[in-house]
Amino acid sequence: MATSDAPTPRPQPSDELPPRRRILVLAICCMSLLIVSLDVTALNVALPSLQRELDADISGLQWTVDIYTVVIASFLMLSGSTADRIGRRKVFQTGLVVFVTGSVLCALAPSLGWLVAFRAAQAVGGSMLNPVAMSIITNTFRDPKELARAIGVWGGVVGISMAVGPVVGGALVQSFGWRAIFWINLPIGLAALFLTMRFVPESRAPRPRRLDPVGQLLVIVVLGGLTFGIIEGGKEGWTSPLLVAPVALAVAALVALLVYEPRRAQPLLEVRFFRSAPFSGAFGIAIAAFAGLGGFLFLNTIYLQDDRHLSALDAGLHLLPMAAVTLFFSPLSGYLVGHIGPRVPLLLAGTAITASGILLTRLHPHTSLPLLFAAYALFGIGFGLVNAPLTNTAVTGMPRSQAGVAAGIASTGRQMGSALGVAVVGTALGAGSQTAGWWIIAACGLLVLAMGALTTGRWARGTADRAAEALPEESVPIAQQRPGA
C-alpha cells in the first residue's frame, strides 16, 4: 500500500478499474456492511447487561434495537437516490463519518434516553452506507457474471456479519461491557473511510433524481407509526388507542404514498419496480426473513441469559451453531444463485426457518442442547441461504442508473423486517408468551417459502420483463448490459 504522503490516485471511471482494484472496492464496501450489520446483532447479546445498568424495561430494550433499524429504513431510499445524484463516494464517506461519530456517542451515553437518541444519529449514517455501497458495486462490476459473483459475496457478508454478531457481542460484553460494542466501530469505520478516500472512484447517475420531501416524510410516518404502535400500544393490549391510532396513521400514510409517488416524474419510491414479481417478492421476503432474524435474536438473548442463566459470552457461544452454518451456507447461496438461480435457495431457506421456529416452540429452561443446537443450525441454514437471492433479485433487471434507489428499497425491506420482528416478538414476550414469539418466527419462514415459490417461476420472470419495458428507454437493465457497456 502507498505511504500516507503519496499522492491520491486519480479517480478512474468504474469500467476502467483493473481487476484487483475492483476487488478492493468490493472489500471496502463489505467493511461498511460489516459494521452496520454487526451493530444490529451484537447489541442483542448485550441487552440484559444494558437492562441492568440503565434500568430499562422490555419496551426500552425494544427501542434500543428498533430505533436503529427504523431510522435506517426511513432514510435508505433517500440516501440511495442522493448518492446517485451528488456522488456515491461522497455520500458513502459522509455516512462513515456520521456512523462513527454516532457510535462514539452511543459508547458514552449516560442513560437509556440518550442511548436511543444517539442510536438514531448513528442510524442516519448507517442509512448512507449499505445502499450506496451496493450502488458502488453495481457500477464497478460491469460484466454481468462478475456482478453476480460480487453480489454473492455481498450477500454472504450480510449473512456472516449477522451470524457472528452475537458471538462478537458476547465476547465484548463479557470482557469490556456493552459499551465496547460501539467502540469497536471506531477503528473499522476510520479504516474504511481512509480506504474509500484513496481507492473508491466517484460515480453518479447520468440523470439524477430530484428530491422528494413529501415522499420522504410519508415513508417516515409509515415506518415510525407502525413501530411505535406495536411497541408502545402492545403493552396496553392489541385494541389499545395507543396501538390503533399510530397504526391507522401509518396505513393512511402508506395509501397516500402509493397515490402520490406514481404522479411524480422522479419519485422517491419507484412504484414501477414493484410491477416485477421477483422484485416485489425480494422486498416481501426481506421483510419476512429479517423479521424472523430480529425476533430470533431478541428472544434467544432473553432465553439464554434469563431462563438458562448464561453469561453474555456463553450466550453468544451457544449461538455458534447458527453462526457456523450461516458462514457455510451464505457463500454457497451466492454460488447457487449464480448457477441455478434464486428459486432453490429461497425454497430451502423458507423450509429451514419454518422448521427452526417449530422446534423452538418446545423450548424450556432445561431443553437439551442437541435439540437447541438443531433449531439454531436450521435457522442458520435458512438465513444463510436467503441473502444472496434477495440481493441478486432486487438489483438485477433494474436500471444501472437507478441502482442506488433499487438497492435502497431492498435494504429498506431488510430493516423494516428487523424492526417489526423485534417489535412484534418483544410485545408477545412482554405479554408473557414466549411460545407465541417462536410461532411468529415459524410463520416468517412460511412466508419466505410461499413468496419464494410464487415469485421465482416462469410467470414471475414474465412480469419482470414487462416491468423492464415500462422503465425509461435510456435506462438499460443491469442483467441486459454487455460486459464493458
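User: At what angle do helix H2 (residues 58–86) and H3 pack, and how far apart are their axes?

Analyst: Helix H2 (residues 58–86) packs against H3 at an angle of about 150°, and their axes are 8 Å apart. That makes H2 roughly antiparallel to H3 (angles under 35 degrees count as roughly parallel, over 145 as roughly antiparallel, 65 to 115 as roughly perpendicular, and the rest as oblique). An axis is a line fitted to C-alpha atoms, for helices over the stretch in contact, and the angle between N-to-C directions runs from 0 to 180 degrees.

User: Before we go on, what kind of model is this?

Analyst: It's a predicted model, where local features need pLDDT of at least 70 and side-chain atom pairs count only at pLDDT 80 or more, while totals for chains, interfaces and linings use all residues. Residues are numbered from 1 along each chain as its sequence is written, and side-chain values use heavy atoms, with hydrogens and water left out.

User: How many helices and strands does the protein chain have?

Analyst: You'll find 18 helices and 0 strands in the protein chain. Both come from DSSP runs numbered from the N terminus: helices are H or I with at least four residues, strands are E with at least two.

User: Which residues of H3 and H4 make their contact?

Analyst: Start with the geometry: the axes of H3 (residues 88–107) and H4 (residues 112–126) come within 7 Å and cross at roughly 165°. H3 and H4 are therefore roughly antiparallel. On the H3 side, the contact (heavy atoms within 4.5 Å) uses Gly95, Val98, Phe99, Gly102, Ser103, Leu105 and Cys106. H4 brings Leu115, Phe118, Arg119, Ala121, Gln122, Val124, Gly125 and Gly126. Sorted by class, that is 8 nonpolar, 6 polar and 1 charged residues (Ala, Val, Leu, Ile, Met, Phe, Trp, Tyr, Cys and Pro count as nonpolar, Asp, Glu, Lys and Arg as charged, and the others, Gly among them, as polar).

User: Is the crossing of H3 past H4 left-handed or right-handed?

Analyst: H3 passes H4 in a left-handed crossing. The rule: left-handed if the near helix is turned anticlockwise from the far one by less than a right angle, right-handed if clockwise.

User: At roughly what angle do the axes of H2 and H4 cross?

Analyst: The axes of H2 and H4 cross at roughly 20° and come within 7 Å. That makes H2 roughly parallel to H4. Here the contact takes in Gly60, Trp63, Thr64, Val65, Ile67, Tyr68, Val71 and Ile72 of H2. From H4 come Leu112, Leu115, Val116, Arg119, Ala120, Gln122, Ala123, Val124 and Gly126. Their classes are 12 nonpolar, 4 polar and 1 charged. As for handedness, H2 passes H4 in a right-handed crossing.

User: What share of the residues in the protein chain is buried?

Analyst: Of the 485 residues in the protein chain, 60% are buried. Buried means under 20% relative accessible area, exposed over 50%, and partly exposed in between, with a 1.4 Å probe and protein chains only.

User: Where is Asp212, and is it buried or exposed?

Analyst: Asp212 sits in the loop between helix H8 (185–199) and helix H9 (213–234). At 5% relative accessibility, Asp212 counts as buried. Leaving aside neighbours within four places in sequence, Asp212 is in contact with Tyr260, Glu261, Arg264, Pro267 and Leu268.

User: How far apart are Val168 and Leu317 in sequence and in space?

Analyst: Val168 and Leu317 are 149 residues apart in sequence and 9.2 Å apart in space, C-alpha to C-alpha. Val168 belongs to helix H6 (residues 144–176) and counts as partly exposed at 33% relative accessibility. For the protein chain overall, take contacts between residues at least 6 apart in sequence: 86% of them join residues at least 24 apart.
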